[in-house]
Amino acid sequence: SLTPRAEWMHANSLRYVARDPFRNEEAFLVSARQLDEVFLISTKNNDIVWRSGRQIFAHQHDATLLESGNVLAFDNGYYRIPNPRPSYGSRVVEIDPKTGNTAWEFVPGKTAVENIKFAASIMGSAERLSNGNTLIGNGLEGHIFEVTSDKKLVWDFVSPFSAHTTGLWPNTSFFRAIRYGVSEIDWPERLPNPLGNALCRLEI
């Protein structure tokens, strides 16, 4: 990696896995941004059960293990070696850890001009929803959107919420977006739900 070595791993997501797809044992799924790799680490003896290798991800975020056993992550694409893929932008990618093959990938288009609209050098999130769609958060742009498995846009939202900034423009960035259904929220009975059937939480 071309980033400074002072923080040589920069683990930006850590998730407990009840059953890993290799040993069927407890593990932790760790995204190490500076190493451009995702790891499955045994909770029993700290063995590395699986590592993605350095040609799959580039400064990725928010790695999750899906029910299928595949790994989903927001692949920022920053410092990608040898060439940007997709050209000039980020992507969301689902990897089969047993083969290293791409099971699913989201990029916004086929040209560099289309792909540069979806580019984040830092932050980003991806959540596979129960309906099979994927919720994607471009944290740097404050942009959240949902796409189907065949990459059709369901809805999108640009956050109007800003944090304190010393710059010229409002800072609407967030670290991660998570979607909740109404049944998962203890909504006050005296208040109507203005958000319909879903709610997104932003982590700043």
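R91 is buried, with a relative accessible area of 1%; buried denotes under 20% relative accessible area, exposed over 50%, and partly exposed in between, with a 1.4 Å probe and protein chains only. The model is predicted: local features need pLDDT of at least 70, side-chain atom pairs count only at pLDDT 80 or more, and totals for chains, interfaces and linings use all residues. Residues are numbered from 1 along each chain as its sequence is written, and side-chain values use heavy atoms, leaving out hydrogens and water.

**Contacts of R91**
- The side chains of R91 and E105 are joined by a polar contact of 2.5 Å (a pair of N or O atoms within 3.5 Å; within protein, one must be able to donate a hydrogen and the other to accept it, and residues adjacent in sequence count only if both atoms are side-chain atoms).
- The R91 side chain also reaches the backbone oxygen of I56, at 2.7 Å.

**Strand setting**
- R91 belongs to strand β7, residues 91-95 (strands are DSSP runs of E, at least two residues, and helices are runs of H or I, at least four, numbered from the N terminus).
- Strand β8, residues 102-106, pairs with β7 in the antiparallel sense over four bridges; pairing requires that DSSP finds at least two bridges between two strands.
- W104 in β8 is the bridge partner of E94.
- Six residues separate β7 and β8 in a hairpin, and G100 in the turn has a positive phi of about 80°.

**Whole chain**
- The chain has one helix and 14 strands.
- Of its 204 residues, 41% are buried.
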